Amino acid sequence: MKLESKVPSGPIESKWDKRRNEMRLVNPANKRRYRVIVVGSGLAGGAAAATLGEMGYRVDCFCFQDSPRRAHSIAAQGGINAAKNYQNDGDSVYRLFYDTMKGGDFRSREGNVYRLAQLSAAIIDQCVAMGVPFAREYGGQLANRSFGGAQVSRTFYARGQTGQQLLLGVYAELCRQIAAKTVTMHPRTEMQELVVVDGHAKGIVTRDLVTGAIETFAADAVVLATGGYAPVFYLSTNAMGNNVTAIYRAYRKGALFANPCFTQIHPTCIPVTGEHQSKLTLMSESLRNDGRIWVPKRAGDKRDPRQVPEEDRDYYLERIYPAYGNLAARDVSSRAAKRMCDEGKGVGPGGLGVYLDFSDAIKRLGEGVIRERYGNLFDMYERITGEDAYQVPMRIYPAVHYAMGGLWVDYDLMSNVPGLFVLGEANFSDHGANRLGASALMQGLADGYFVIPYTLSNYLAGQKYGAVAASRPEFRQAGEEAQERIRKLLSVKGKRSVTSFHRELGKVLWEHCGMERSRGGLTKALEIVPAIREEFWENVKVTGGAKELNPELEKAGRVADFLDLAELICHDALAREESCGCHLRAEYQTEEGEAKRNDKDYCFVSAWEHKGPGQKPVLQKEPLEFETVHLAERSYK
Amino acid sequence: MSRFARLCQTSIGAKQVMAVTGLLLFGFVIGHLLGNLLVFAGRDSLNGYAHKLRDLGALLWVVRVVLLVVFLAHVGSALRLWRLNRAARPEPYAVEAHLVTTYAGRTIVMSGLLILAYVVYHLMHFTLGATNPEYLKLMDPKGLPDVYRMMVLGFSNAAVSGVYIVAMILLGFHLSHGLTSFFQTVGLNHPAYNPCFKRVGPVAGVVIAIGYISIPLAVLAGLVK
Amino acid sequence: MNLTLRIWRQRNAQERGSLVSYEAKDISPDMSFLEMLDVVNERLIAKGEEPVAFDHDCREGICGMCSLVINGLAHGGRRATTTCQLHMRHFKDGDVITVEPWRSRAFPVVRDLVVDRTAFDRVIHAGGFVSSNAGGAPDANALPVPRDDAEKAMDAAACIGCGACVASCPNGSAMLFVAAKVSHLAHLPQGHPERAQRVLGMVHQMDLEGFGNCTNHTECEAVCPKEVSISHIAKMNREFIRASVLEA
Ligand SMILES: Cc1cc2nc3c(=O)[nH]c(=O)nc-3n(C[C@H](O)[C@H](O)[C@H](O)COP(=O)(O)OP(=O)(O)OC[C@H]3O[C@@H](n4cnc5c(N)ncnc54)[C@H](O)[C@@H]3O)c2cc1C
Ligand code: HEM
Ligand code: FES
């Protein structure tokens with residue numbers, strides 16, 4: 001299979017213009033004859049559905065929550081990047097592009113990333129016009145903060161709730177289209193299968209989560225914007241419902257899955273308190289601006305942190321990375337924390353935590369300043385842990401946070417299955433091997449507002465509207481597949497709960513394919529995961545029935561896909577014999593534990609092709625070509 | 001008119017009706033209290049004031065009709081909204097708990113309905129003479145209707161005074177929530193003035209209740225004869 | 001610690017429900033309330049019984065999916081806390097905890113503790129937006145917005161649409177929810193062109209959905225996990241009066 005990225009030729013600044021100029025358009029009078037399915041109502045899906053509705057297409061939009069307003073984009077705290085250069089501090093489209101490329105450790109496609117940076121400014125304009133209450137300066141101009149180690153201030157924010165405000169803006173626009181009847185919203189509905197007719201994506205099968213009804217929807221194109229799959233690790237900062245189901249089932253129907261092993265780990269989360277833990281809460285990275293990270297020098301030192309004298313503390317980030325100190329990149333500081341805990345120096349219950357200490361900052365600036373900067377985060381910490389971080393150092397630990405991997409798409413965000421478009425976190429396109437802070441929101445909105453309206457129209461212009469009806473046998477067949485799967489899950493009637501399998505899977509993946517991966521560990525994981533899956537299908541206990549609201553059944557379907565995905569992730573991690581971005585292979589690092597990238601052999605996107613159940617997936621490669629940037633070593637020393 | 005009718009149909013519109021009529025009633029209650037307090041200035045002052053009111057003739061009737069309409073509008077809206085509120089929660093909670101709402105707030109409809117009952121009684125008692133027809137025949141030495149005597153006679157009966165006292169406590173209670181609520185309903189909310197708005201209701205409630213109650217108490221204590 | 005739970009169980013919207021008692025043993029004070037329910041559910045599953053259905057997603061207090069009236073108080077009644085952030089350390093060993101769904105005519109029970117809150121969506125459909133098509137927006141800094149206005153808009157926009165205001169209001173009123181959106185957009189110049197239709201449309205829909213009205217109990221503000229203030233209700237009342245009086 002030859003993977004065509006379809007990035008236009010020519011200078012990078014004019015690639016997108018060129019592509020847009022070449023695109024075919026759909027006659028306005030015909031637009032309402034085309035049906036489009038959008039699965040997902042987050043920033044990417046919501047923006048796409050609303051915009052396609054505005055353009056006049058007939059859109060069906062799906063989400064599994066009770067309202068589109070609850071998609072997990074809502075949880076993003078920090079902010080959204082845009083190359084506005086409002087601060088006059090030297091920012092530019094090129095710089096944002098370069099930072100994103102470098103952040104992704106040169107494993108992303110130049111053309112896509114440049115376009116993202118180009119579109120970033122228009123996103124902020126659009127959001128302000130929709131009524132997003134971004135932070136302002138006294139003069140009424142928009143405020144910016146610097147984020148994730150960038151050297152310019154280009155992050156726009158709305159307190160600690162940027163994702164919420166952006167999503168509510170998108171949701172409002174979506175509501176306007178729902179009221180105008182261009183978009184039909186289907187909440188509490190889960191996509192089960194993709195329907196492919198004559199090689200083109202032409203519909204989906206869904207389950208109504210309230211009644212359990214299995215339904216089919218036919219359309220002229222299908223857009224998947226179903227978010228990230230970090231909960232494959234069981235514990236993550238993602239919502240409980242985040243899943244891989246939609247894209248995984250599309251993968252089984254022929255779409256390629258790109259870079260599945262690129263999963264980002266966030267260094268500042270609140271540590272686990274016990275087996276009962278169901279998810280992890282992120283604490284904004286901005287805390288690292290004033291907090292100092294340390295562990296006791298002596299392993300097993302169980303003293304109250306306030307009793308540990310200065311000489312018995314190891315401020316390990318400041319020690320190992322003097323230039324960046326506590327602000328070292330996400331993956332670097334995550335791994336360092338893990339190493340400390342592996343050496344037995346971890347703190348808190350279970351020894352999985354390190355201190356993030358504000359006492360120096362409080363001494364220097366006063367508690368008032370710290371309260372003003374981080375008050376809401378300290379409150380949140382207090383709510384969860386019951387500890388007062390003004391008095392006792394916070395405890396933090398890394399947690400799985402974001403999936404850079406996703407379905408493979410070309411420059412038009414279309415997968416290798418024609419008519420199947422993938423947006424937002426669900427695709428692999430822009431973040432390479434690691435995502436910069438505040439750039440996922442940007443990507444979701446760029447995809448939904450400014451890319452898909454063009455590229456989808458271009459595809460539809462070549463298609464006869466309504467060409468495929470839901471009466472085609474492919475739909476019935478896909479519906480039966482979905483039914484059969486549910487029947488199978490309910491009929492195992494084993495002894496173990498779905499969650500117990502999920503938790504077990506998560507542990508294996510975190511252990512062997514988490515912050516640090518090795519050939520030995522991955523090989524082992526590739527033995528354990530199929531065994532868990534086998535037991536799952538023989539011994540899982542799914543209570544309740546198919547024709548009712550049944551959260552256990554929903555969970556079971558998702559976990560079944562995670563079990564498959566986990567194996568794919570391990571295959572991918574094993575095949576990538578280099579360290580890059582968040583993917584650190586123990587075999588490929590410098591003496592000091594720095595990642596060793598291998599540009600000669602691994603400068604490609606790994607795109608996996610499904611070969612049927614029980615078969616090993618086949619690796620396809622899309623070589624990455626760099627016309628504009630110069631591949632550089634990332635160094636935070 | 002249809003615009004106004006449409007407005008009254010909406011929940012917020014109906015609330016505005018409550019607020020405006022409530023305020024008018026409050027104004028009446030204050031005016032009425034000031035007039036009644038003349039009882040402490042002696043028979044001639046009170047009777048003279050009452051006479052002047054009656055002399056208004058047609059205007060008095062206009063005021064009476066307006067008051068009646070205002071009162072009915074207040075009660076009518078109250079009952080309609082109350083019905084909607086009850087319908088909004090068909091299934092009650094097994095465990096009821098509250099954080100901040102006040103007793104006066106939760107019982108505002110009850111205090112209102114009791115006031116309504118009281119008002120009917122009050123009108124029959126003093127205005128229409130339905131309970132005590134002899135009151136209307138009382139004349140003072142100047143030949144004016146003797147409102148002063150009527151009050152003294154009326155409140156000499158401890159049971160009657162009791163009814164008035166309880167009713168006025170209820171009115172105070174009603175206003176302690178109602179008046180504060182008024183500001184919020186008409187959109188008056190500002191951090192600088194909110195503490196004041198919060199206090200107005202309870203303070204006015206207490207003042208009004210004490211003001212009115214002072215009359216039967218004074219009669220019972222023999223201070224006004 | 002050991003607790004006794006009295007949980008509302010109801011198979012579906014049609015059947016009647018009732019409170020059922022469960023013993024929750026060995027609960028860790030570090031668990032969140034939902035994690036405690038997870039444990040109870042795991043044990044029910046082990047016994048072959050059907051677990052308790054409840055809504056939740058982000059489990060960090062922002063999506064607004066979790067609900068639950070706990071001992072008569074929405075989200076348990078702790079300041080600025082959603083049920084998913086409520087931790088068991090606030091309960092005592094031996095406590096009896098009653099857990100009920102949001103109760104409102106506009107929020108019919110779907111199953112157990114899950115209710116249907118689409119009424120809120122329909123209120124937003126009726127005008128809770130700024131009509132601005134993608135692509136035509138002027139530069140974001142073209143229209144300065146006073147910082148104070150932006151902050152006030154943000155205070156209102158912080159609403160997560162959980163419905164605790166409705167659940168806690170003795171009148172089952174949605175005024176705080178509706179006001180939060182009206183006030184958010186009324187504070188920004190971008191919201192001004194449509195401010196009259198917006199408030200009229202949303203209030204009309206609010207009434208149609210069967211929510212109660214406001215008699216200023218202020219319970220909503222007290223339980224609101226985002227501490228949205230009733231000052232926004234006053235603002236909505238002003239907007240409503242203005243629109244009713246001035247608009248055609
Ligand atoms: C805690 C946290 C903080 C973050 N902070 C930031 C930040 O500060 N800046 C930043 O740029 N990024 C941040 N991110 C990342 C960013 O929020 C996400 O990557 C991004 O919002 C994803 O948007 P999306 O539209 O792709 O997916 P989502 O918002 O996750 O939406 C997915 C949609 O798909 C639907 N769906 C999923 N599966 C199915 C199915 N099978 N059937 C039907 N519907 C389905 C869901 O209902 C939902 O509507 C953060 C992420 C987290 C978890
Ligand atoms: C002299 C008699 C009365 C006076 C002075 C009075 C005054 C007021 C005032 C000032 C308000 C505040 C309006 C608002 O909420 O904005 C009010 C509210 C109210 N009144 Fe009355 N009222 C009287 C009689 C009644 C009666 C007879 C009823 C019968 C049911 C009643 C029921 C109510 C109710 C239900 C409210 C709404 C409370 C709220 O919104 O918080 N009132 N009243
Ligand atoms: S689960 Fe999202 S707010 Fe509680």
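**Exercise 1.** Which pattern does chain B follow, read along the sequence?

*Solution.* This is a predicted model, in which local features need pLDDT of at least 70, side-chain atom pairs count only at pLDDT 80 or more, and totals for chains, interfaces and linings use all residues. Residues are numbered from 1 along each chain as its sequence is written, chains are lettered from A and ligands numbered from 1 in the order in which they are written, and side-chain values use heavy atoms, without hydrogens and water.

Step 1. Helices are DSSP runs of H or I with at least four residues, strands are runs of E with at least two, and both are numbered from the N terminus.
Step 2. Chain B has 9 helices and 0 strands.
Step 3. The pattern is therefore α-α-α-α-α-α-α-α-α.

**Exercise 2.** In what order do the 3 strands of the open sheet in chain A lie, and which of them stand at the edges?

*Solution.* 
Step 1. The order is S6-S7-S8 in chain A, with antiparallel pairing (two strands pair if DSSP finds at least two bridges between them).
Step 2. Strands S6 (189-197) and S8 (214-218) of chain A each have a single partner strand, so one side of each lacks a neighbour in the sheet.
Step 3. Strand S7 (residues 200-208) of chain A is joined to S8(A) by 5 bridges; Thr206(A) has Glu215(A) in S8(A) as its bridge partner.

**Exercise 3.** Is Arg159(A) buried or partly exposed, and is Tyr234(A) buried or exposed?

*Solution.* 
Step 1. Most residues other than glycine have a negative phi.
Step 2. Arg159(A) has a positive phi of about 45°; Arg159(A) sits in the loop between strand S4 (155-156) and helix H6 (162-179) of chain A. Arg159(A) is partly exposed, at a relative accessible area of 29%.
Step 3. Tyr234(A) has a positive phi near 65° and lies in the loop between strand S9 (221-224) and helix H7 (245-252) of chain A. Tyr234(A) is buried, at 12% relative accessibility.

How values were computed: Buried < 20%, exposed > 50% of the residue type's maximum accessible area, 1.4 Å probe, protein only.
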